[in-house]
2 protein chains.
Amino acid sequence: MTGPVPRGRRGAGADTRSDILAAARSSFADRGFAGTTIRAVAASAGVDPALVHHFYGTKDDLFLAALELPVDPRTVMAGVVEGDPATLGPRLLRAFLGVWDDPETRLPLVALVRAGLTGEPGRTILETALKRIVFAFLTGAVELDDAERRVSLVASQMLGLIGARYLLRLEPIASMPAEEVVAWLGPTVQRYLTAPTP
Amino acid sequence: MTGPVPRGRRGAGADTRSDILAAARSSFADRGFAGTTIRAVAASAGVDPALVHHFYGTKDDLFLAALELPVDPRTVMAGVVEGDPATLGPRLLRAFLGVWDDPETRLPLVALVRAGLTGEPGRTILETALKRIVFAFLTGAVELDDAERRVSLVASQMLGLIGARYLLRLEPIASMPAEEVVAWLGPTVQRYLTAPTP
């Protein structure tokens with residue numbers, strides 16, 4: 001940003017949107033999702049809270065915008081959970097690989113996951129992103145009492161796929177064709193989601 | 001280390017062991033496992049190569065010593081692969097949880113995995129540790145043509161367990177009793193190791 005530091009409340013100027021986003025990003029990193037309010041973000045950006053809502057919608061929407069993801073995970077997940085629950089595992093794997101096997105969409109996600117596995121504040125940000133954006137769709141799709149438990153088991157397989165295939169680049173899983181990954185890991189995810197508790 | 005910097009070759013003084021280890025750690029980090037030689041480590045520490053062998057054995061032994069792990073993974077893995085291959089998955093999980101659920105043994109391993117997932121040189125060091133120390137036991141235990149493929153699939157589940165349970169601390173898998181983790185993930189690891197290729 002060039003020009004003087006804003007003083008007091010402002011209208012919808014050229015930099016207002018990006019000022020709000022910068023204030024939001026800083027607040028989510030410092031105070032977490034629960035500790036961030038639209039009101040405080042607005043005050044920090046020097047604008048009216050109504051303008052934050054106008055530009056970015058709900059706090060969830062604002063959080064998602066602050067992440068600057070290369071794809072909208074809600075669109076991806078809405079496609080995944082639609083259809084037969086008996087094939088949810090393979091559908092999740094295919095959608096996941098579609099996003100992660102493309103270097104252009106993978107790189108920003110790699111940064112998010114690396115920061116999340118390294119410590120705070122990245123951990124809370126990644127946890128919030130997973131719980132509010134990804135897991136919420138799966139727990140809605142799995143009609144079982146222990147949906148959270150099942151989804152956290154799924155997370156253990158998906159995080160490990162990220163770790164082995166994209167971060168550590170362990171062969172041969174790093175170069176395995178996507179359909180082979182689906183054939184091996186799809187049944188695992190399916191079992192975690194819908195099989196009887198062992 | 002206090003005192004003057006060593007010049008030329010030295011005998012087995014008080015600091016010699018730790019000098020060799022420091023030289024080895026630096027070489028493995030800078031040049032990787034393949035690029036490190038006992039001869040070069042010895043030269044860097046100002047000792048005779050025979051002394052390196054005398055103190056630390058083979059290059060594998062020296063690498064393991066340089067990692068300063070809280071447990072010897074070869075002892076753990078030797079116990080895991082002994083017994084019925086049909087229950088190898090649950091045995092691996094139980095041994096893994098025995099080490100990782102104890103904060104004292106977990107902390108140095110967390111550092112190793114974090115560095116490995118973050119980039120070089122940690123990535124090569126973790127990859128070498130896994131391949132030469134952990135995977136070697138499993139590929140020996142699985143008498144199948146595609147043992148490397150199967151072991152890399154196992155790694156994807158185990159790395160994800162580390163990520164979800166210990167790094168991200170995602171609930172409820174973070175607080176799940178060990179035997180429940182074994183009941184859910186044991187069959188996954190077993191399938192990756194011994195089930196027919198899907």
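Predicted model: local features only at pLDDT ≥ 70, side-chain atom pairs only at ≥ 80, totals over all residues.
An α-helix has 3.6 residues a turn, so residues three or four places apart point the same way. Helix 2 of chain B is then followed by B:Gly46, a residue whose phi is positive, near 70 degrees.

Turning to chain A, one finds 10 helices and zero strands, and the C-alpha trace of this chain spans about 60 × 35 × 30 Å along its principal axes. Of the 198 residues in chain A, 36% are buried. Among the contacts in chain A with a separation of 6 or more, 62% are accounted for by residues 24 or more positions apart.

Chain A is divided into domain 1, residues 16-67, and domain 2, residues 73-194, and the C-alpha centres of these two domains of chain A lie 27 Å apart. Their contact takes nine residues from domain 1 of chain A and eight residues from domain 2 of chain A. On the side of domain 1 of chain A that touches domain 2 of chain A, helix 1 (16-31) and helix 4 (59-67) of chain A each supply at least two residues, and the largest share, four residues, comes from helix 4 of chain A. The residues of that side of domain 1 of chain A divide into six nonpolar, one polar and two charged.

The remaining step is to bring the two chains together: 31 residues of chain A are in contact with 31 residues of chain B. On the side of chain A that touches chain B, at least two residues are supplied by each of helix 7 (103-118), helix 8 (122-141), helix 9 (147-167) and helix 10 (178-194) of chain A, while helix 9 of chain A gives the most, with 14 residues. By residue class, the side of chain A that touches chain B divides into 17 nonpolar, eight polar and six charged residues.

Notes:
Residues numbered from 1 in each chain as written. Chains lettered and ligands numbered in written order. Buried ≥ 20, exposed ≤ 12 C-beta atoms within 10 Å, placed from the backbone. Contact = placed C-beta atoms within 7 Å. Domains from an automatic or database assignment. Nonpolar A, V, L, I, M, F, W, Y, C, P; charged D, E, K, R; others polar.
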